[in-house]
Amino acid sequence: MKLTVIGGGSTYTPELVDGLARAHGALPVSELVLHDPDAERLDLVGGLAARMLSRAGHPATVTTTADLDKAVADATVVLLQLRVGGQAARHLDETIPLECGCVGQETTGAGGLAKALRTVPVVLDIAARVADLAPNAWIVDFTNPVGIVTRALLDAGHRAVGLCNVAIGVQRRAAALLDVPPDRISLGHAGLNHLTWVRSVLLDGQEVLPRLLDEHPDELAKASGLPASFVRRLGAVPSYYLRYFYQHDRVVEELRGAETRAEQVAALERDLLDLYADPTLDTKPARLEERGGAFYSEAAVQLAASLLTGRGDAQVVNVRNHGTLPFLDDRAVIEVPARITSAGAVPLPVPAFEPLFAGLIAHVSAYEELALDAALRGGVDRVATALLAHPLVGQADIADRLARDLVAANRAHLPWAA
């Protein structure tokens, strides 16, 4: 089994390698291929990956390459975790919107749109090579914005499933609060990528969310960044990204003048790469936890294993709506529990959404459709239209200014804007 990681030079890759080493029985990878255009990073990360697998007694070989065709040829699974433009582009995503009084964030709002504009064409080019050289491979997308990128892949006819680590993080937190193994917990987690609510927590099939909200409101609220009283009033656990909607103006004030997440991660990555260069290091360093993406490795291994074996278990993924949320287009991509089979992910029924949640989902889903159109066809006017549709922008003058500024800042990554 050949597992290819596009963006394998990421400092986060050792987290994935750690998951592979611990789950060899579930996902028997024989070759791990790390692809990245950055040769220096790839060499450091690839060396650590090989040492980690060797320490764990894992038989897989580790191959590093900047040659995309070599990386994807005959792959079984291709995992996308790339960042077009690196942390420098992310810094712009996080700062340009603030100048207009809007949240600056890499996956939500105007910053998320900028990232989609850079990312979608690159991902589709990669997927086209996968289709030619490994037509039976599954593409697992962890590249943000996951909902938009997954929709682009599916619209182009690729065998793809989108993955986010938010749901598994809530599952593990709930299990810890209840002092039970995670596999006894299932979540009523639904919405769009980075726009989800957990409206039920089942322990061995029995509802325990009200109990958790009564007994552990502060712990649940902390993960969302919202007050415990507000979370209890919702009667659901919102994802952290909903804070950008529910407390938009407060977040903008907090972000102004503060160090951006891009700056923080860039500094952390320098430290991590220094650690990775140590030829005696053969485990993921503790500092990697600061990088984010907790439990990503476990979610990715579980998803890949189920796609390959067709075991039919339920996992939270990004998948076509197909009537699951009746107020959305069937072609929309949603994030819900789905049955994972060898033919793909089939969304499970979702209880009707309350108007408070359904309205926001519909609003953002409409934006995502326009964002994808802008990413595929280009044009400042299409970018402005998508921004106008986003609830975190939604004003004509601001949308027009942001469209001009974001396109100008990303011109090197947008062939149509050259």
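Q: How do the residues that line the second largest pocket divide into nonpolar, polar and charged?
A: This is a predicted model, so local features need pLDDT of at least 70 and side-chain atom pairs count only at pLDDT 80 or more, while totals for chains, interfaces and linings use all residues. Residues are numbered from 1 along each chain as its sequence is written, and side-chain values use heavy atoms, with hydrogens and water left out. For the sorting, Ala, Val, Leu, Ile, Met, Phe, Trp, Tyr, Cys and Pro count as nonpolar, Asp, Glu, Lys and Arg as charged, and the others, Gly among them, as polar. The lining of the second largest pocket then comes out as twelve nonpolar, four polar and two charged.

Q: Which residues lie nearest the centre of the second largest pocket?
A: On a 1 Å grid over the protein atoms alone, a pocket is an open set of points with protein on both sides within 12 Å along at least five of seven lines, a cavity is a set where a 1.4 Å probe fits but cannot get out, and lining residues have an atom within 4 Å of a point. The second largest pocket has a volume of about 430 Å³, a volume being the space filled by probe spheres set on the points, which are joined across faces, edges and corners. Among its 18 lining residues, those nearest the centre are Gln171, Gln302, Ala314, Gln315 and Val316.

Q: Which helix gives the most to the lining of the largest cavity?
A: The structure holds three cavities of 30 Å³ or more, and the largest has about 130 Å³ of space. Of its 15 lining residues, the closest to the centre are Thr107, Thr108, Asn193, Val364 and Glu368. Helix 5 (109-133), helix 6 (146-155) and helix 15 (355-377) each give two or more residues. With three residues, the top giver is helix 15.

Q: Is helix 5 roughly parallel or oblique to helix 15?
A: Their axes, lines fitted to C-alpha atoms over the stretch in contact, with angles from 0 to 180 degrees between N-to-C directions, come within 9 Å and cross at roughly 50 degrees. Angles under 35 degrees count as roughly parallel, over 145 as roughly antiparallel, 65 to 115 as roughly perpendicular and the rest as oblique. So helix 5 and helix 15 are oblique.

Q: Why is helix 1 called roughly parallel to helix 2?
A: Thr13, Pro14, Val17, Asp18 and Ala21 in helix 1 meet Val45, Leu48, Ala49, Met52 and Leu53 in helix 2. The axes of helix 1 (residues 13-22) and helix 2 (residues 39-55) come within 10 Å. Helix 1 counts as roughly parallel to helix 2 because the axes cross at roughly 20 degrees.

Methods: Helix = DSSP H or I, 4+ residues; strand = E, 2+ residues; numbered from the N terminus. Contact = heavy atoms within 4.5 Å.
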